[in-house]
Amino acid sequence: MIELKNIVKDFDSANSINHVLKGLNLKINDKDFITVIGSNGSGKSTLLNIIAGSFPPTSGQIIFDGEDVTKTKEHQRAHLIGRVFQDPNTGTIGDISIQENLAIALKRGEKRTLRWALKKEYNDIYVRQLKPLNLGLETRLGDKISSLSGGQRQSVTLLMAVLKKPKLLLLDEHTAALDPKTSKKIMALTEKLIEDNGLTAMMITHNMKDAIRYGNRLIMISEGRIIADIRKDKKDKLTIDDLYAQFDKAEKTED
Amino acid sequence: MNWASVFYFLGTDVPLQALVWVIVALGVFVAFKVLGVADMSVDALFPFSAILSLLLINLGVPSILALLIAVIASMGVGFINSALHVYLKIDPLLAGIIVMIALYTPNLLMAKGTISLASGKSTIFIGLNSLFHNMIASKIFLMAIICLAILILAYWFFGTELGLSLRASGKNSSMSKANGINTNGMYILGLVISSALIGLAGGLYGQLNTYSTNDSGRGSIVIGLAIIFLGEVIFGNKSFKFSLLSLLVASIIYWLILDIIQILPDFSTTYLNLTKAIFITLIVCVYELKKTAKKKLSIRKALIIKEEN
Amino acid sequence: MKKQLTIFGLAAMCSSLVSLSGCGNSLKQIGILQVITHDALGADRQGFIDQLEKEGFKDGENISIKLQIPEGDSPTETSMANSLALSSDLVFGIATSSSLALKKAVSDLGASTPVLYSAVTDPVAAGLITSSTDHGNVVGTSDAGPTAKNIDLFTQFSSIDKIGILYNTAEQNSIIQKNEAQAECDVKGITLIDGGVTAQNEIASSLNSMIAQGIKGLFIPTDNTVAAAMVSIKETVIANKIITICADAAATKNGGSLGYSVDYYTLGQTTGKMAAKILNGTDPSTIECSLSDSFPLELNSDFFTATGISVPAAIQAEAEAD
């Protein structure tokens with residue numbers, strides 16, 4: 001179980017302090033697949049970055065299965081987290097091969113030694129993971145990532161994120177930069193990987209439909225606070241209008 | 001100058017220069033291409049190691065040990081260079097310049113203008129010569145072995161998990177961190193390795209020439225970069241292993257062309273610098289043109305793939 | 001396509017080497033390596049060539065002179081030394097690093113080609129020779145300057161108790177002269193302010209800083225970096241009425257006041273005499289390395305006119321005699 005306790009994040013700017021997260025509390029249960037929606041500037045990405053450790057919260061705690069990781073650096077808690085970024089270029093390295101990218105992900109969280117990185121045995125693992133994608137990538141292990149399309153790159157990034165089972169999969173609008181058709185494919189892949197591996201996941205999305213359709217829990221963030229936390233049964237019955245109504249209600253309460 | 005002299009000169013000078021400068025090119029490669037850092041300390045680090053190596057020999061240290069100490073000292077300099085950025089948050093370019101300026105004083109104190117191998121002292125090459133009895137052959141032979149060893153070591157290292165994570169760190173630090181790679185640690189390791197290579201080249205250079213001035217490193221970065229770019233222009237960027245090999249070949253071609261220009265009558269005195277500048281500019285221009293062409297090609301490719309999907 | 005272009009380029013280069021094979025072999029090949037283009041070094045070279053001609057060795061008739069100038073670039077200097085050593089019957093290095101490069105190149109070949117040097121202040125310290133009589137195939141002339149005479153010149157002008165020295169801290173010759181100057185100043189009770197620089201663009205601020213510290217005189221040793229900047233130094237020293245004594249005649253002419261200089265042309269001639277002897281069959285190891293013994297006094301009257309400082313009569317007379 002992952003717990004976020006009273007997360008506050010302030011950003012200092014030239015003349016003022018921007019209070020992005022205002023004491024956010026969240027308990028993520030094992031196998032939760034949480035979709036996160038919120039308007040721009042509500043703090044969703046900041047929240048994800050704080051969980052991952054890209055920067056520390058101003059105050060508050062992040063606890064993974066009883067272990068307080070708040071003070072650890074991003075690379076020190078990477079063994080717990082798999083991440084897929086919005087930009088397909090951020091999650092992979094274009095200049096090197098698919099095989100090399102996967103090799104980097106394979107050792108996530110482990111000490112990097114002087115053992116050979118591209119061992120033949122690892123290729124079996126890669127092929128097994130790539131085949132179900134039906135993209136033919138398993139025959140192109142030596143090809144550079146830059147020769148892949150955006151959708152293919154995101155698929156690889158997804159695979160890299162789950163190659164070593166993470167305690168939490170973080171997806172930051174990972175289909176936002178893709179066209180609708182590819183987007184659908186990636187979402188289907190996402191759902192499948194989460195189900196097959198029994199993963200706990202948190203997905204930020206701008207797509208209200210996706211937010212309702214996928215996952216077992218929906219969180220709405222507005223102005224640095226969670227204003228709604230809707231579980232499975234209620235979630236399935238939600239409509240997009242319901243969500244808009246929630247947002248309006250929240251805004252009125254703030255004013 | 002007759003044909004025999006020409007070929008003998010090219011046959012001996014080119015390998016000697018090429019073998020020293022390929023190590024410099026490798027050091028510059030690790031910093032500039034792998035880490036993505038413009039490390040300006042190279043021009044001062046190179047003579048630092050050359051001078052130190054000779055000074056130690058003059059003080060009675062055996063020549064191999066002198067070389068080793070010079071390399072370790074260079075690694076120390078590399079560590080300081082990287083620490084300036086990692087711990088003091090100084091911009092990498094500035095950090096390199098600071099180190100370059102700082103090295104000036106020790107270089108001066110050690111060399112006092114020019115340092116020469118004291119009489120009776122021996123270098124690793126002189127030592128080997130007692131076997132071969134041909135100084136030039138000894139030098140080329142030993143340099144060739146050292147270079148080969150370094151290139152093989154580099155190829156092996158960058159294929160290990162650690163080496164791969166170093167490369168990843170330089171190309172995409174966000175992704176590296178997300179995969180558990182300590183990018184700060186990798187930065188330090190990378191600069192230390194780069195400095196070790198420059199230090200090795202410098203130490204060898206000092207022992208090859210049996211003398212060194214403060215200034216003998218001036219232009220090292222340019223030569224290193226020219227070799228890297230020439231390698232990429234001629235051989236492309238297919239794989240890492242290939243890049244390493246291309247450095248060696250490019251270094252040989254670079255010195256072959258430079259030496260040929262140099263012995264052309266009347267060229268060397270009047271037009272040498274200009275010709276060198278043009279030559280290097282040409283290399284860089286073709287390199288940039290290739291990059292742009294490649295970019296356009298990959299955009300077209302991506303559009304085609306998108307249409308197919 | 002690229003590969004073909006590269007080969008084409010190389011082939012074009014090689015074909016122009018054909019002209020090299022036409023060089024005659026009956027001419028004695030003289031290789032000259034001069035570290036950088038510079039008035040003094042050029043004068044040295046000219047003296048060498050002129051002296052050889054005087055003694056019957058004319059370029060193109062019975063000798064062939066090949067000049068290479070690496071302009072301070074170390075790897076180029078190494079390559080040039082190697083190629084000259086290979087193709088010459090006698091080599092001549094002008095300045096310390098070039099001479100060392102030639103010595104090493106010849107030694108690597110296992111040859112005993114005579115290596116002449118000039119414009120090296122302390123050839124023993126530089127590792128060129130063991131002593132002026134023990135030096136094998138390396139022989140030449142040193143340009144150790146008349147530093148003592150020059151410091152003494154300051155005492156000829158009223159109340160100069162503090163002088164500065166401008167020089168490039170990387171030039172070994174300059175460091176040697178600075179140490180000599182320091183010793184002389186200590187003897188004469190003059191304070192010497194060290195204005196060492198590492199590059200030409202530091203000269204102005206170093207000079208201004210020394211002026212602020214109250215120097216009344218300025219000593220400029222034979223230093224390639226400062227010599228190149230004399231024109232910019234000139235205005236400052238005239239404006240501040242600072243007696244500027246240069247050990248290099250060209251520097252005095254370009255912006256100094258006066259000075260005993262090493263006459264590089266004469267130095268070159270002395271070296272040329274040695275070369276002629278060697279070409280005529282003398283063993284270089286029997287020739288004694290020499291110092292310059294001719295120190296003409298150069299006077300820049302423009303300086304004295306502009307500053308209104310009067311020149312002591314004895315000095316005026318000496319300058320006119322030279």
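**Exercises on helix α6 of chain B**

In this predicted model, α1(B) and α6(B) pack with their axes 10 Å apart, at an angle of about 30 degrees. Axes here are lines fitted to C-alpha atoms, for helices over the stretch in contact, and angles run from 0 to 180 degrees between N-to-C directions. Residues are numbered from 1 along each chain as its sequence is written, and chains are lettered from A in the order in which they are written. Local features need pLDDT of at least 70, side-chain atom pairs count only at pLDDT 80 or more, and totals for chains, interfaces and linings use all residues.

**Exercise 1.** Classify the packing of α1(B) and α6(B).

*Solution.* Start from the angle of about 30 degrees. Angles under 35 degrees count as roughly parallel, so α1(B) is roughly parallel to α6(B). Next, list the contact residues (C-beta atoms, placed from the backbone, within 7 Å): α1(B) contributes, among others, L16(B), L19(B) and I23(B), while α6(B) contributes residues including M143(B), C147(B) and I150(B). Finally, sort the contact by type: 14 residues are nonpolar, one is polar and one is charged.

**Exercise 2.** Find what the buried residues of α6(B) pack against.

*Solution.* First pick out the buried residues (20 or more other C-beta atoms within 10 Å of their own, all placed from the backbone); L142(B), A154(B) and F158(B) are among them. Then look around them: within chain B, their partners are α1, α5, α7, α9 and α11. Chain C joins in too, through its α5 (96–108).

Note on methods. A residue is buried if 20 or more other C-beta atoms lie within 10 Å of its own, exposed if 12 or fewer, and partly exposed in between; C-beta atoms are placed from the backbone. Helices (H or I, at least four residues) and strands (E, at least two) are DSSP runs, numbered from the N terminus. Two residues are in contact if their C-beta atoms, placed from the backbone, lie within 7 Å. Angles under 35 degrees count as roughly parallel, over 145 as roughly antiparallel, 65 to 115 as roughly perpendicular and the rest as oblique. Ala, Val, Leu, Ile, Met, Phe, Trp, Tyr, Cys and Pro count as nonpolar, Asp, Glu, Lys and Arg as charged, and the others, Gly among them, as polar.
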